[in-house]
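Visitor: I am new here. Please show me the structure, and then I will ask how you know what you say.

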Amino acid sequence: MKILVCISHVPDTTSKINFTEGDTKFDTNGVQFVINPNDEFGLTRAMWFKEKQGANVTVINVGGADTEPTLRKALAIGADAAIRVNTVPADGFSVAKQLATVIKDGAYDLVIAGRESIDYNGGMVPGMIAGLVGANFVNNCIGLEVEGTNAKVIREIDGGKETVSTNLPLVIGGQKGLVEETDLRIPNMRGIMMARKKPLTVVEPSSISGETSSMSFEKPAPKGAVTLVSADNLDELVSLLHNEAKVI
Amino acid sequence: MEKDILRGGQFLVKEIECEDIFTPEDFNEDQLMMKEAVTEFIDREVWAKKAQFEKKDYALTESCMRQAGDLGFLSIAVPEEYGGMGMGFVDTVLVCDYISGATGSFSTAFGAHTGIGTMPITLYGNEEQKKKYVPKLASGEWFGSYCLTEPSAGSDANSGKTKAVLSEDGKTYKITGQKMWISNAGFCNLMIVFARIEDDKNITGFIVEYNPDAPNGITMGEEEHKLGIRASSTRQVFFNDTVVPVENMLSTRGNGFKIAMNALNVGRIKLAAACLDAQRRVISESVNYANERIQFKTPISSFGAIRQKIAEMATNCWVGEAATYRASKNIEDRIELRKNNGKDSHQEAELKGVEEYAIECSILKVAVSEFIQKCSDEGIQIYGGMGFSEETPIESAWRDARIARIYEGTNEINRMLSIGMLIKKAMKGHVDVLTPAMAVKDELVGIPSFEVPDYSELFSEEKNIIKNLKKLFLMVAGAALQKYGEKIEQQQQLMLAASDILIQIYLAESAILRAEKMAKKDGEDSAKEQIAMAKLNLFHAIDVIETAGKHSIISFSTGDEQRMMLMGLKRYIKYVNMPNIIELRHIIAEKVIKENKYCF
């Protein structure tokens with residue numbers, strides 16, 4: 001089984017978010033980048049397929065050379081090969097089209113993408129890839145098993161789970177549940193040493209432009225001050241909620 | 001090529017360019033990935049369970065060590081042919097640094113196993129011994145401990161009473177004696193034991209296997225109840241006719257003291273590294289607290305009194321990093337050079353590579369262990385009353401820090417060693433201290449230049465001061481040596497003072513070169529906090545040096561000689577443009593407070 005895991009290079013969840021150029025660009029200064037957590041769950045599941053079912057795992061990212069450490073980390077965790085499509089992503093659609101080109105050429109049986117990246121939260125890429133390459137698609141996956149050409153996928157639905165049966169080739173949008181946080185792997189020293197010896201292929205992008213561009217970003221308003229009201233003073237609480245917060 | 005790499009101790013008599021030193025900014029992608037992997041492991045498995053370590057959960061220490069083994073962290077320094085990664089010296093220091101910050105309990109277990117528990121075999125073992133034991137230690141299948149200290153043999157390690165008696169058939173030794181403060185004793189499978197054969201002048205090293213189900217005369221004391229590193233297993237170990245095959249003698253008879261001392265050289269620089277990440281964590285926790293703690297309707301991080309502490313803590317940590325990684329790369333280069341010259345085996349290259357920088361190893365051990373002590377103390381002060389509570393991570397950091405000034409040779413022993421070793425190197429002609437010392441003497445009797453040099457270039461004045469501080473050291477040490485000759489070693493207070501000067505010079509120079517390297521690469525504005533830290537540190541270094549210099553000079557000189565040297569002291573510590581250190585502290589603190597963590 002040939003698996004491709006799509007890896008987004010995203011700011012660490014503890015990063016301080018700022019914008020530059022008149023609030024139109026994300027300020028990457030001093031930001032630490034990591035594997036998108038939803039993708040990391042997928043990569044860890046892919047490692048399971050590699051170890052238990054002999055799958056071959058390639059990881060891919062659309063991005064500049066600065067994203068290579070993130071791909072190398074995926075190689076250190078255990079992926080067999082990496083591909084970087086050498087262009088700075090414009091929007092979800094352009095990323096999906098770039099990925100689709102590689103996927104069509106590579107004849108992958110299973111494409112695992114995170115259901116969304118934690119930076120721009122578009123949540124479009126996996127569905128679009130499936131549409132562009134004509135593969136089956138299941139989103140919000142919290143469980144995945146493959147037997148032959150059949151896949152059993154568990155997906156999260158509002159308040160419960162749905163188990164779906166489908167066939168390869170398949171694209172999934174994965175999330176926590178594919179594996180748990182405690183299953184996530186820390187690259188071991190041998191993995192780090194081996195990562196440099198594994199292939200990281202840089203492919204030039206197809207000529208695809210984005211269909212959208214960011215006009216501006218806005219941060220949520222800072223949290224207001226907290227007013228503590230004594231539990232005995234319900235009148236004051238009601239008055240504050242009515243007159244200041246204007247919620248009742 | 002050999003002369004291109006600075007020799008140990010030579011920093012004192014040479015001018016060094018910033019391009020010649022390695023800094024943490026020079027970590028390559030693999031090293032950054034290692035740092036990230038180790039940090040992830042520590043955050044997840046050790047830092048998250050910090051409270052359990054404080055409750056003396058020895059089993060947790062052992063299980064974390066096994067996990068570290070699975071991730072390959074125990075095998076970094078072990079050559080590939082014995083199941084290790086065979087990584088460079090900088091890599092091993094880096095792993096030791098980032099693995100050690102969360103709790104002294106784990107840090108000590110890691111250090112005792114990978115350093116003094118494993119290294120004596122990789123460095124001094126014969127082929128059979130290495131093949132038999134090292135792969136097990138590298139993988140974490142077995143754990144090692146190091147049995148040197150005895151009730152009556154601490155700093156005077158060679159005075160141990162433990163005996164090794166050869167059997168009549170000449171096939172085994174019987175070891176009998178008592179060892180104490182043995183780290184990892186509670187879960188070790190192998191011990192490096194030092195014992196005396198007959199009335200030998202020097203002790204001998206042995207590899208002793210330990211299986212609790214077949215104890216072979218070995219009994220363990222109860223776990224010691226300690227001020228800090230509470231979940232580090234520390235016990236007494238009693239040997240009663242413990243039978244050890246003769247082939248388990250490490251190196252040759254009587255070579256144990258040398259093994260013990262050389263194992264400690266490596267241990268010292270690693271201990272310095274092990275005190276770095278603890279500082280980063282204490283600083284990050286403290287600044288986070290200071291940003292959240294509101295008093296007088298203001299976060300306390302906006303008060304100058306707190307900002308001063310944050311700036312000083314960050315500066316010490318950053319300076320410690322600069323000096324530790326600088327020396328680490330020198331050692332790595334020296335090892336490589338020795339390996340490539342074809343004369344040395346891997347083993348010899350490692351040994352001699354580290355031994356070459358024994359002075360720097362001692363300097364670092366002293367300086368950085370004192371930095372973590374100060375850092376955690378000020379951390380508590382920032383937390384105020386809360387810092388005194390066991391609920392905060394600062395309280396245990398403070399207790400854990402205390403041992404660093406004691407083990408791997410007390411800081412007093414290491415201070416004296418640094419000077420003692422420098423004298424030995426000078427005697428052997430490895431570092432020519434006498435010629436520059438004479439030149440300084442001539443300079444002192446001459447008329448000083450009253451010309452004000454052009455100090456417009458970054459660090460030009462600071463670098464000139466460093467040059468002068470080196471002269472100052474040579475002046476003091478040269479005169480003291482002339483007065484006492486070899487008996488100078490009996491003048492312990494003088495040795496301690498001289499060592500303080502030496503330590504400050506090495507650290508201040510490393511910091512200036514690190515900041516200069518950054519400024520050259522990224523521009524002075526990008527490196528403004530680093531420049532401020534280098535300048536602030538030098539200012540403090542001069543204060544320490546002035547006091548130590550004065551104490552030294554007045555202890556052994558009188559009359560004109562004393563007056564001349566005191567004038568020299570004044571001349572060599574002189575600033576033309578004294579920095580405004582309050583302003584420097586604000587620059588540094590501002591950044592740390594904004595980032596809400598140690599961020600350099």
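Guide: We start with one salt bridge, between the side chains of B:E29 and A:R72. This is a predicted model, where local features need pLDDT of at least 70, side-chain atom pairs count only at pLDDT 80 or more, and totals for chains, interfaces and linings use all residues. Residues are numbered from 1 along each chain as written, chains are lettered from A and ligands numbered from 1 in the order written, and side-chain values use heavy atoms, without hydrogens and water.

Visitor: Why is the meeting of B:E29 and A:R72 called a salt bridge?

Guide: The rule asks for a side-chain nitrogen of Lys or Arg within 4 Å of a carboxyl oxygen of Asp or Glu. Here the N to O distance is 3.6 Å, so B:E29 and A:R72 qualify. Across the interface of chain B and chain A, the rule finds five salt bridges.

Visitor: Which helices of chain B supply residues to the side that touches chain A?

Guide: α1 (29–46) and α20 (581–595) of chain B each supply at least two residues. The largest share, 10 residues, comes from α1(B). Helices here are DSSP runs (H or I, at least four residues), and strands are too (E, at least two), numbered from the N terminus.

Visitor: How many residues are in contact between the two chains?

Guide: Contact means heavy atoms within 4.5 Å. By that test, 22 residues of chain B are in contact with 20 residues of chain A.

Visitor: What is the area buried between chain B and chain A?

Guide: About 1700 Å², of which carbon and sulfur atoms give 59%. B:E29, B:M33 and B:R44 supply 32% of the area that chain B buries against chain A, more than any other three residues. Buried area is the accessible area (1.4 Å probe) that two parts lose on being put together, summed over both.

Visitor: Is A:R84 buried or exposed?

Guide: Buried means under 20% relative accessible area, exposed over 50%, and partly exposed in between (1.4 Å probe, protein chains only). A:R84 has 5%, so A:R84 counts as buried. A:R84 is found in strand β7 (residues 81–85) of chain A. Setting aside residues up to four places away in sequence, A:R84 touches several others, including A:N61, A:E68 and A:L200.

Visitor: What makes A:R84 and A:N86 a polar contact?

Guide: Their side chains are joined at 2.8 Å. A polar contact is a pair of N or O atoms within 3.5 Å; within protein, one must be able to donate a hydrogen and the other to accept it, and residues adjacent in sequence count only if both atoms are side-chain atoms.

Visitor: What sets B:I229 and B:D241 apart as backbone cases?

Guide: Most residues other than glycine have a negative phi, and most peptide bonds are trans. B:I229 has a positive phi of about 35° although it is not a glycine. B:D241 has a positive phi of about 50°, and it is not a glycine either.

Visitor: Where are B:I229 and B:D241 found?

Guide: B:I229 is found in the loop between β6 (218–220) and β7 (234–245) of chain B. B:D241 lies in strand β7 of chain B. B:I229 has a relative accessible area of 7%, so B:I229 is buried. B:D241 has 41%, so B:D241 is partly exposed.

Visitor: Which peptide bond of chain A is cis?

Guide: The bond from A:L168 to A:P169, with omega near -5°. A:P169 is in the loop between β11 (160–167) and β12 (170–174) of chain A.
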